[in-house]
Amino acid sequence: MFLIHEARMIVPNLHQITVEAPEVARSWRPGQFVVVRAEPEGERIPLSVADLDTKSGTITFVFLNVGYTTNRLASLEAGEFLPTVVGPLGNPLQLEPVKSVLLVGGCYGMGSLYPFAKAYHELGSEVIVVSEARSSFLLYWQERYRKLTSQVFCITRDGSLGLRGHVKQMEKIFEKHGTPELMIANGCNHLLQTACATVQPFGIRSLVSLNTIMIDGTGMCGVCRVTVGGETKFACVDGPYFDGQAVDWEELTLRRKSYLYQETLSTFSSSSCNHHLPARSA
Amino acid sequence: MSENQTQPARRFSTTQEEMPKQLAEVRVQNFEEVALGYTADLAMSEARRCLNCKKPLCVTGCPVENDIPAFLSCVVRGDFETGIQILKKTNCLPAVSGRVCPQEEQCEGVCVLHKKGAPVAIGRIERFLADWEAAQGAPKLPEKCEPTGRKVAVVGSGPAGLTVAGDLVLLGHEVTVFEALHELGGVLVYGIPEFRLPKAIVRREVEYLQSLGVKLVRDFVVGKTRSLDSLLETYDAIFIGAGAGLPWFLDVPGKNLIGVYSANEYLTRLNLMKGYRFPTMPTPIVPHHRVAVVGGGNVAMDCARSALRLGAETHIVYRRSKAELPARAEEVENAEEEGVIFDFLTLPTRILGNDQGIVIGLECVRMQLGEPDASGRRTPEPIAGSEFILDADAVICALGNSPNPLIPATTPDLAVGRKGNIVADEATGQTSKARVWAGGDVVTGAATVILAMGAGRKAARSIHEYLSSLG
């Protein structure tokens, strides 16, 4: 059982949970993820780690309340427990100093890139942060990034703040501020794919955290398989970060929708009043 | 009680006592256990068939050398208490092995009565004894040796790890079991379906170990949460029983279409995550209409019979013939009774999908058996022009797995074989790394529960010798 230190909604529908998991916090390196369960008998879902504090042995993750399990997670409060927080899973990224690194995040990815901002800042690399959201009220942690770098940009689809549009607008940033050496992106697959397509003509090395369905997260089930450079890889043990320019995005997008119908069913079947209680009995 | 309880029966019967089971048409509607087990009368009557051979071949046929004639004679006398104690001396999971062992290749395969008709149904009696004990309430705890102060870490809570833990805790060592998943039992909980091995039995065994003082840690991935080397700083010895790893998929076009599963995924969704109760349970499983399971082992049978219970027409696609099926005979028979359709001598060549990337069929070619290969099995060869399409909306690959890579990947000085399996001495389980032992699927590749238990037992003995030598 893992004690929740803090749980709150940061912007509409995006939540942040800080949970005590000292063994995970001690071993975690940027790039790795955890698998969590929200309730006894709960589903296992993978989440990126957005921050950690080795002193208190806690990790923090940010997630979008989008389906049954994230809805359960969002209903938890400080003092309650998560039955499972297991990890760190996947491979850490080999962080080497680069001249400049571009961090592109949307949704939960906006927070999940924070450890890279810290790490590259410490390595002395120039850090450029691009956050994408539908509207300005969905942006978060911008202040945290500004403490590390002056190069903090945002793109909103309604143009309420920063550039108007989607990550394709990054072209304008490159024109004005030069081309970074490396891009690291985290967010939905659409954002990752668009970001990769945008930076491709600029020859920017692209590392993306692929968003797949997972169960165990240790390589046993293979549901997270993706095609990268023509080869089948398991996102959990070979990833989660891959060369974004080599990913078969079409296959990934289709596979991500494997349980669309069941996900809808699950959300609807749990939307009656008695399911608004903290945990569902079996 | 029988009249000839003191002397072994010489008037042996050539037929076994049948074990009651759920009717096929009933059991395909539920996930409850198929076999219902012997009653005391049936067990005694079956045990009476034992000839008490001077040189009991059954014992040598058993990977853990259960003293079979001894516990059978107890059953004949109706002394089940002594019977189970004899059994538990060599086998700490009799309720499990009585259900899932391939007895026809082991004890029962070499039973003298096998040639005379039917062997003594040793597995069924073993199961009876274990279930009898469970029905008596909390099991009697055996005497534990004085605490030695030595600490052992066991990686993985499957049959190998549970055996090691059970043996070493009784010898007075302090044992901690680390499990990567959120439930204990390894393949016994994520792999083998409820209808073949009720999870309550696994829980009972795990609770028993806990009552002996074994510490159990869930949600802990050795090699990730902590490295093996880091554990070696705290523990005097480590046993790795991490089990099977990455599943193998068909290497044909369409292998990543939606509806193509590894057996591990399909069974984990069902068993560990209880997907058959979706949406009451949150992990979904898609109810398919027509499922093709590729492979012929126990895992293939488990997948096919699970899919059937979820309402699908289910095919087993196997490239050899019925005689070569590696699955337990009883499971093949059960699958046939339940209506699984067997497509023997059939090799999948391509998985077909629609524009949504969803499986719509499996292209196959018919095979014929050629010359025997190195393993003595006749090699199947494709028959030209025999291609056909099996309509299916799901393809489950039950083709085996490579050993789990997480520990070797983060332990550079641990020797691994060509396929990524940890290299361990067959007699002792010792690996290339000091103070580290290994056994089960992580060493052998996918094998059976009883072989993993056998490996665990040998490793426990060797670990104990090592710990004792420390003085």
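Trainee: Which strands of chain A does helix 7 lie across?
Mentor: Helix 7 of chain A, residues 189-199, lies across strand 9, strand 10, strand 13 and strand 14 (205-209) of chain A. Keep in mind that this is a predicted model.

Trainee: And what angle does helix 7 of chain A make with strand 13 of chain A?
Mentor: About 165°.

Trainee: What sheet do those strands belong to?
Mentor: An open sheet of 7 strands in chain A. The order is 12-11-10-9-13-14-17, and the pairing is mixed.

Trainee: Which strands stand at the edges?
Mentor: Strand 12 (163-164) and strand 17 (241-243) of chain A. Each has a single partner strand, so one side of each is left without a neighbour in the sheet.

Trainee: How many bridges join strand 9 to strand 13 in chain A?
Mentor: There are 5 bridges, and the two strands run parallel. Strand 9 of chain A covers residues 100-106, and strand 13 of chain A covers residues 182-186.

Trainee: Give me a pair to click on. What is the bridge partner of Val104(A) in strand 13 of chain A?
Mentor: Ala185(A).

Trainee: Which strands does helix 4 of chain A touch?
Mentor: Helix 4 of chain A, residues 114-123, packs on the sheet and touches strand 9, strand 10 (126-133) and strand 13 of chain A. Its direction makes about 165° with that of strand 10 of chain A.

Trainee: Next, strand 10 and strand 11 of chain A. In what sense do they pair, parallel or antiparallel?
Mentor: Parallel, over 6 bridges. Look for Glu132(A), which stands opposite Ile155(A) in strand 11 of chain A.

Trainee: Zoom out. What does the secondary structure of chain A come to?
Mentor: Chain A has 10 helices and 17 strands. Buried residues make up 49% of its 282 residues.

Trainee: What about its radius of gyration?
Mentor: Chain A has 18 Å. A compact globule with 282 residues would be near 19 Å, so the two agree. The C-alpha atoms of chain A fill a box of roughly 55 × 40 × 40 Å along the principal axes.

Trainee: What share of the contacts in chain A joins residues 24 or more positions apart?
Mentor: 65%, among contacts with a separation of 6 or more.

Trainee: How is chain A divided into domains?
Mentor: Into domain 1 (2-91) and domain 2 (100-209). Their C-alpha centres are separated by 23 Å. The contact takes 12 residues from domain 1 of chain A and 13 residues from domain 2 of chain A.

Trainee: Which strand gives the most to the domain 1 side in chain A?
Mentor: Strand 6 of chain A, with 3 residues. By class, that side of domain 1 of chain A has 10 nonpolar, 1 polar and 1 charged residues.

Trainee: Now the chain contact. How many residues does it take from chain A and from chain B?
Mentor: It takes 39 residues from chain A and 35 residues from chain B. On the chain B side, the largest share is 4 residues, from helix 13 of chain B. The chain B residues there divide into 17 nonpolar, 12 polar and 6 charged.

Trainee: Staying with chain B, what domains does the assignment give?
Mentor: Domain 1 (24-135), domain 2 (151-245 + 402-469) and domain 3 (249-399). The C-alpha centres of domain 1 and domain 3 of chain B lie 31 Å apart. In their contact, 7 residues of domain 1 of chain B meet 9 residues of domain 3 of chain B.

Conventions: Residues are numbered from 1 along each chain as its sequence is written. Chains are lettered from A and ligands numbered from 1 in the order in which they are written. This is a predicted model: local features need pLDDT of at least 70, side-chain atom pairs count only at pLDDT 80 or more; totals for chains, interfaces and linings use all residues. Two strands pair if DSSP finds at least two bridges between them. Two residues are in contact if their C-beta atoms, placed from the backbone, lie within 7 Å. Axes are lines fitted to C-alpha atoms, for helices over the stretch in contact, and angles run from 0 to 180 degrees between N-to-C directions. Domain bounds come from an automatic or database domain assignment. Ala, Val, Leu, Ile, Met, Phe, Trp, Tyr, Cys and Pro count as nonpolar, Asp, Glu, Lys and Arg as charged, and the others, Gly among them, as polar. The radius of gyration is taken over C-alpha atoms; the globule rule is 2.2 Å times the number of residues to the power 0.38. A residue is buried if 20 or more other C-beta atoms lie within 10 Å of its own, exposed if 12 or fewer, and partly exposed in between; C-beta atoms are placed from the backbone.
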